[in-house]
Structures are given as structure tokens and as C-alpha cells.
Amino acid sequence: RRSLPWVALAAVVFAAVLGAALVLRTPSGSAERADGAHRAVAGGRASSHTVIDGDALAVGESVTAEAASVVVRHRGHATWTLEPNSVGHLETVGDVVTVALDRGVLSAHVVKSPRPETFVVRVERTRIAVHGTAFRVERLPSAVRISVTEGVVAVGPIGQAPFDLVAPSSATVTLDGVRTDEPARAK
């Protein structure tokens, strides 16, 4: 009977240690938003980036890169990276992954596919669609800058015919998807 208080104390200490271990195992780059959508955040940690399983994200979930980049991997499909101070959210998943770039810069590498498009980045009313390429999208205050380093991307206003941007090249469009720079002409 004298050991009963010690057993109870040991049980409380064990529960506290187990609870702390579970909290420490939860990804420190994750926080729950008030509306229940997951927000992955790369803060001021020592690592240069955080990696997230894109297949575990649900439509509507936001991804935020604060002081470090956030890499999102959709296995066998695409990998996209938000540079520091960038925000995006997932609009569709499945055969076509769509990410809305709300702020900053997104770079993507998309696995080549025979389908016409498998990955889309939307910035306001501008749509950038691909089916296998490497490219970068930068949201500017009143425009979008697209740079293609591999393959071809289709860029244009939502619901209208796009223009093709072939690597290596870049273009600037309005937030409505209208090209504002003059395409380079072949000599």
C-alpha cells in the first residue's frame, strides 16, 4: 500500500512523456487552420526546405513557405516548390493536379505524360497547363512571369485558347492571362 502513490506518480509521468513524444512526432511544419484545412508552413528552422506528401493533401488545403522553401511531391506525377514568402492552395487532385498560386513563386517539375495536361498552375484568371516539363511561375503585383526550362507549357486566360511557351523561354502576362511582352521571333 505504501508503493501505491509511487505507482500513480510513475503512471502520470509515463503518460506525460508519451504525450510529449507524440507531440514531437507531429510534423512541426504543420498547423491546423480555423476552417480545418491543413496549412504546411516552413518557418525559421535550420533546414533549407520542408517536404510534404502532396498525395496526402486535400482539395482546398493551403501550403505556405515562410523563411524556407516547401517542396510538395505527388508521387509519379509532379513535384512543386514554393519559394520563401509564397502561398498556394490545392484546387484539384487526381489525374490533373491544380495549384492556385496566391503569393510568391512556384517552380514545378512534371513527369512526362501522353495526356494533354496533368498539372496546372492558376494565378487569378491566368492558367498555365503542362503534361511533362520544368517551369517557374512568379506572381507579380499586377502580372505573372512564366519561365520554361524544359518542355512546353500552355499559357492563357481561363476558358480561352492558350499560347505555347517552349523551353528555354519566358513570358509575362496580365493577371487575366493576356501576354504583355513581345514573343521572341526566329531569325
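1. **Basis.** The model is predicted, so local features need pLDDT of at least 70 and side-chain atom pairs count only at pLDDT 80 or more, while totals for chains, interfaces and linings use all residues. Residues are numbered from 1 along each chain as its sequence is written, and side-chain values use heavy atoms, with hydrogens and water left out.

2. **Overall make-up.** The chain has one helix and 16 strands. Both are DSSP runs, numbered from the N terminus: helices are H or I with at least four residues, strands are E with at least two. Of the 187 residues, 38% are buried. Buried means under 20% relative accessible area, exposed means over 50%, and partly exposed lies in between (1.4 Å probe, protein chains only).

3. **Surface and contacts.** Among contacts with a separation of 6 or more, 33% are between residues 24 or more positions apart. A contact means heavy atoms within 4.5 Å.

4. **Core.** The largest nonpolar core has 32 residues. Such a core is a set of buried Ala, Val, Leu, Ile, Met, Phe, Trp, Tyr and Cys residues joined through side-chain atoms within 4.5 Å. W80, F119, V121, F135, I146 and V153 touch the most other members. Beyond four places in sequence, V121 touches V99, L101, L106, T126, R127, I128, F135 and V137.

5. **Aromatic pair.** How many aromatic pairs are there? The count is one. F119 and F135 form this pair, edge-to-face, at 6.3 Å centre to centre with 65° between the planes. F119 is in strand β10 and F135 in strand β12 (residues 133-139), 16 residues apart, and the pair links distant parts of the chain. Pairing needs ring centres within 6.5 Å, for rings of Phe, Tyr and Trp (its six-membered ring); planes under 30 degrees apart count as stacked, over 60 as edge-to-face and the rest as tilted. F119 is buried at 0% relative accessible area. F135 is buried too, at 3%.

6. **Salt bridge E91–R122.** A search of the whole structure gives nine salt bridges. The rule asks for a side-chain nitrogen of Lys or Arg within 4 Å of a carboxyl oxygen of Asp or Glu. E91 and R122 meet in one, at 2.5 Å, N to O. The pair links distant parts of the chain: E91 sits in strand β7 (residues 86-92), R122 in strand β10 (residues 119-123), 31 residues apart. Are these two buried or partly exposed? E91 is partly exposed at 25% relative accessibility, and R122 is partly exposed at 22%.

7. **Salt bridge D181–R145.** The closest N and O atoms of D181 and R145 are 3.7 Å apart in a salt bridge. The pair links distant parts of the chain: D181 is in the segment after β16 (169-174), R145 in strand β13 (residues 143-150), 36 residues apart. D181 is partly exposed at 23%. R145 is partly exposed at 28%. Elsewhere, salt bridges that share partners join E124, R125, R139 and D176 into one network.

8. E124 bridges R125, with the closest N and O atoms 3.6 Å apart. E124 is partly exposed at 29% relative accessibility. R125 is partly exposed at 42%.

9. **V97.** V97 lies in strand β8 (residues 97-103). V97 is buried at 2% relative accessibility. Beyond four places in sequence, V97 touches H74, H77, L90, T92, T118, F119 and V120. The C-alpha atoms of V97 and A78 are separated by 8.3 Å, and the two are 19 residues apart along the chain.

10. **H89.** H89 is in strand β7. Beyond four places in sequence, contacts of H89 include G60, E61, S62, T98 and R122.

11. **V130.** V130 lies in strand β11 (residues 126-130) and is buried at 1% relative accessibility. Beyond four places in sequence, its contacts include V110, P116, T118, F119, F135 and V153. V130 and T118 are 6.1 Å apart, C-alpha to C-alpha, and 12 residues apart in sequence.
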